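Dear colleague,

I am handing over the structure below, and I would be grateful if you could look through it before reading the notes that follow. The notes are meant for someone who has not seen it before.

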Amino acid sequence: MGKDNLTLGSLFSGSGAFELGGLLAGIRPVWASEIEPFPIRVTTKRLPFVKHYGDVNSIRGDKVEPVDIITFGSPCQNLSIAGKRAGLDGKQSSLFFQAVRIIKEMRCATDGRYPRFIVWENVPGAFSSNNGEDFRAVLEAVCSVKDGGIHVPGPPKGKWANAGCVMADGFSIAWRVFDAC
């Protein structure tokens, strides 16, 4: 399948950076989820063909249009070194698990065909939050989309590398830190 045929759904869409990036790469954004009024106005004006579904808590992955790629920049306030470091248990950052739920629901409804890829964007503080356990929990949650029995060990030498991967039977997960500047 060529990239021109790929479709994208965006959770925690903000003002549509993933959707714009998708368009620039020849990927068709189909739907988005955001609750803040100003970013929604930006994306509805600039990307009027993208459906808006609102709060991730009310989205059902088995009810929205299946897409090849789901992107999500779940709230980072609780993971950031600038925050109080409540981690994945914090009110905002725990929304990560809503994205995983939506992905699992879509995969279940499509016999595992969609989404084919997921992209999670967050802050480097995710590596050190809760002494690295939060990032391990993120990796395990993403693995659970395909195989709930995978245990991801903690980071070698107690610190997550800026790039790495988990290789499993039939899927892989990779991460990398990019400087947003």
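Rings of Phe, Tyr and Trp (for Trp, its six-membered ring) pair if their centres lie within 6.5 Å, and planes under 30 degrees apart count as stacked, over 60 as edge-to-face and the rest as tilted. With that definition, a search of the whole structure finds eight aromatic pairs.

Before the details, please keep in mind that this is a predicted model, in which local features need pLDDT of at least 70 and side-chain atom pairs count only at pLDDT 80 or more, while totals for chains, interfaces and linings use all residues. Residues are numbered from 1 along each chain as its sequence is written, and side-chain values use heavy atoms, with hydrogens and water left out.

Aromatic pairs

The rings of F135 and W175 have their centres 5.3 Å apart and their planes at 80°, so this pair is edge-to-face. F135 lies in helix 5 and W175 in strand 7, so the pair ties together parts that are 40 residues apart in sequence; helices (H or I, at least four residues) and strands (E, at least two) are DSSP runs, numbered from the N terminus. F135 is buried, with a relative accessible area of 4%, and W175 also counts as buried, at 15% relative accessibility, where buried means under 20% relative accessible area, exposed over 50% and partly exposed in between (1.4 Å probe, protein chains only). W175 forms another edge-to-face pair with W160, at 5.7 Å centre to centre and with 85° between the planes. This second pair links distant parts of the chain, since W160 sits in the loop between helix 5 and strand 6 (163–168) and W175 in strand 7, 15 residues apart. W160 is buried as well, with a relative accessible area of 7%. Elsewhere, ring pairs link F72, F96, F97 and W120 into a cluster.

Strand 4 and its neighbours

In strand 4, I69 and T71 point one way and I70 and F72 the other way, and all of these residues are buried. Strand 1 (residues 7–11) and strand 4 run parallel and are joined by four bridges, where two strands pair if DSSP finds at least two bridges between them. The bridge partner of L8 in strand 4 is I69. Strand 4 also pairs with strand 5 in the parallel sense, over four bridges, and here I69 stands opposite F117 in strand 5.

The largest pocket

The largest pocket has a volume of about 990 Å³. On a 1 Å grid over the protein atoms alone, a pocket is an open set of points where a 1.4 Å probe fits, with protein on both sides within 12 Å along at least five of seven lines, and lining residues have an atom within 4 Å of a point. Grid points are joined across faces, edges and corners, and a volume is the space filled by probe spheres set on the points. Of the 32 residues that line the largest pocket, the closest to its centre are I118, V119, W120, A174 and W175. Helix 3, strand 5, helix 4 (125–128), helix 5 and strand 7 (171–176) are the elements that give two or more residues to this lining. The lining divides into 24 nonpolar, three polar and five charged residues, with Ala, Val, Leu, Ile, Met, Phe, Trp, Tyr, Cys and Pro counted as nonpolar, Asp, Glu, Lys and Arg as charged, and the others, Gly among them, as polar.

Salt bridges

The structure holds seven salt bridges, each being a side-chain nitrogen of Lys or Arg within 4 Å of a carboxyl oxygen of Asp or Glu. One of them joins the side chains of E65 and K51 (3.1 Å, N to O). E65 lies in the loop between strand 3 (51–52) and strand 4 (69–72) and K51 in strand 3, so the pair ties together parts that are 14 residues apart in sequence. Another joins R116 and D68 (3.6 Å, N to O), linking the loop between helix 3 (96–109) and strand 5 (117–120) to the loop between strand 3 and strand 4, 48 residues apart. R116 is partly exposed, with a relative accessible area of 39%, whereas D68 counts as buried at 3%. Finally, R60, D62, R101 and E105 are linked in a network of salt bridges.

With kind regards
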